[in-house]
Amino acid sequence: MMASAVIVRHRSWPPIPAFLLAMAVGGCDGIQSALRPAGPQAARIAALWWVMLGVGAAVLAAVVATMLWAVLRPARSRAQGARPDGERWLLLAVGAASGLTVVVLFGLLMVSAVTGRALSISVPDPLTIEVVGHQWWWEVRYPDPDGAVVSANEVHVPVGYPVRLRLGSADVIHSLWVPSLHGKTDQIPGHWNTTWLLADRPGEFRGQCAEFCGIQHAHMALTVSAEPPETFAAWRQAQRAPAPAPTDPSSQRGMEVFLGSSCAGCHTIRGTPALGRLGPDLTHLASRRRIAAGVLPNDSDHLAAWIRDPEQWKPGTRMPASRLGPEDLQALVTYLATLR
């Protein structure tokens, strides 16, 4: 019985260090990791983070070592510490530690200042993109004399090309943060902030609002797609075009439902009379990978569920539940699925 009990106790330990290890490294990877930079700005921030981590770890190790030495040293040695020569030694140690602390803090301040200066340097001839925060989604605009491109919750950028982001807000303070590409920048109502990014490899990188902005703050995400320049140019050209006209009876019925319901009062579909500005532009909705600011995949089932009852997925959302019948809802979803 005793041997069996010992075996059981040994088998219960391995999951604990495995769990702790998973907790320690679980946030270091993925499409929203500041430790996997995909651009020079994020690389500088990651380097600063590693410096801070190294210095912090060294200070922690020194403090722990000193505490252990104070606790575990022999009683005879502790008694010597109360003598005049021991007190002088302690004063010297405290003075040296204080001086070293000042030097370390000054060094970290200089490293941080150099990093901040490098991040603020502008570059000529950038691509300008405007990102406006709403409760709780992102409006994305590409100012263009050939026809503005307006999208939602997705930012497309060309690899290797500098991008200037103009950041604003339509209601409360938000903050755009795409950890793999740059640090966070606040978005303040009535004011435009500017930041820069440059993706040095293709990929999808998740961004998140980094300033608490209301009940659905945690569900305010966006995706940055870094693409080869020719792929980005093709995407941008396609996004300039108005929505395609429906070609089959079901889609035509769906467009009639859209224009005849409250949907058209809140959303824009270019090429139709729908010019609402309260919600995202839906002109090319079907080309987006997710809906509701990253909450749901963009497929017919989830789109129907979202239209039927948005509160179920995103409590507090400004979009009201639909009162459409099943046939009208199906026709509407069929039409929206053609908006590529």
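Helices (H or I, at least four residues) and strands (E, at least two) are DSSP runs, numbered from the N terminus. By this definition the protein has 11 helices and 12 strands. The structure is a predicted model, in which local features need pLDDT of at least 70 and side-chain atom pairs count only at pLDDT 80 or more, while totals for chains, interfaces and linings use all residues. Residues are numbered from 1 along each chain as its sequence is written, and side-chain values use heavy atoms, with hydrogens and water left out.

Two totals describe the protein as a whole. Of its 340 residues, 36% are buried, where buried means under 20% relative accessible area, exposed over 50%, and partly exposed in between, with a 1.4 Å probe and protein chains only. Contact means heavy atoms within 4.5 Å. Among contacts between residues at least 6 apart in sequence, 63% join residues at least 24 apart.

Most residues other than glycine have a negative phi, and most peptide bonds are trans. In A292, however, phi is positive, near 60°, and in A293 phi is also positive, near 55°. A292 counts as buried because its relative accessibility is 13%; A293 counts as buried at 2%.

Q135 and W136 are joined by a cis peptide bond, with omega about 0°. W136 is located in the loop between β1 (127–134) and β2 (137–142).

W136 is also one of the residues touched by H217, when residues up to four places away in sequence are not counted; the others are Q208, C209, A210, E211 and F212. H217 belongs to the loop between β9 (203–209) and β10 (221–227). With a relative accessible area of 16%, H217 is buried. A polar atom of the H217 side chain lies 3.0 Å from the backbone oxygen of E211, and the backbone oxygen of C209 lies 3.5 Å from a polar atom of that side chain.

Another buried residue is found in a strand. S151 lies in strand β3 (residues 149–152), and its relative accessibility of 2% is why S151 counts as buried. Its side chain makes a polar contact with the side chain of R288, at 3.5 Å. A polar contact is a pair of N or O atoms within 3.5 Å; within protein, one must be able to donate a hydrogen and the other to accept it, and residues adjacent in sequence count only if both atoms are side-chain atoms. Leaving out residues up to four places away in sequence, S151 touches W138, E139, V140 and R288.

The axes of helix α9 (residues 300–308) and helix α11 (residues 326–336) come within 10 Å and cross at roughly 125°. Here axes are lines fitted to C-alpha atoms, for helices over the stretch in contact, and angles run from 0 to 180 degrees between N-to-C directions. Angles under 35 degrees count as roughly parallel, over 145 as roughly antiparallel, 65 to 115 as roughly perpendicular and the rest as oblique. The helices α9 and α11 are therefore oblique to each other. On the α9 side, S300, L303, A304, I307 and R308 meet L329, L332, V333 and L336 of α11.

Within α9, the buried residues are L303, A304, A305, W306 and I307. In α11, L329 counts as buried because its relative accessibility is 8%. Apart from neighbours within four places in sequence, L329 is in contact with A304, I307, R308 and L324. The C-alpha atoms of L329 and R308 are separated by 8.0 Å, although these residues are 21 apart along the chain.

Helix α11 also packs against helix α7 (residues 249–260), at an angle of about 105° and with the axes 7 Å apart. The helices α7 and α11 are therefore roughly perpendicular to each other. In this contact, S250, S251, R253, G254, M255, V257 and F258 of α7 meet D328, A331, L332, T334, Y335 and L336 of α11.
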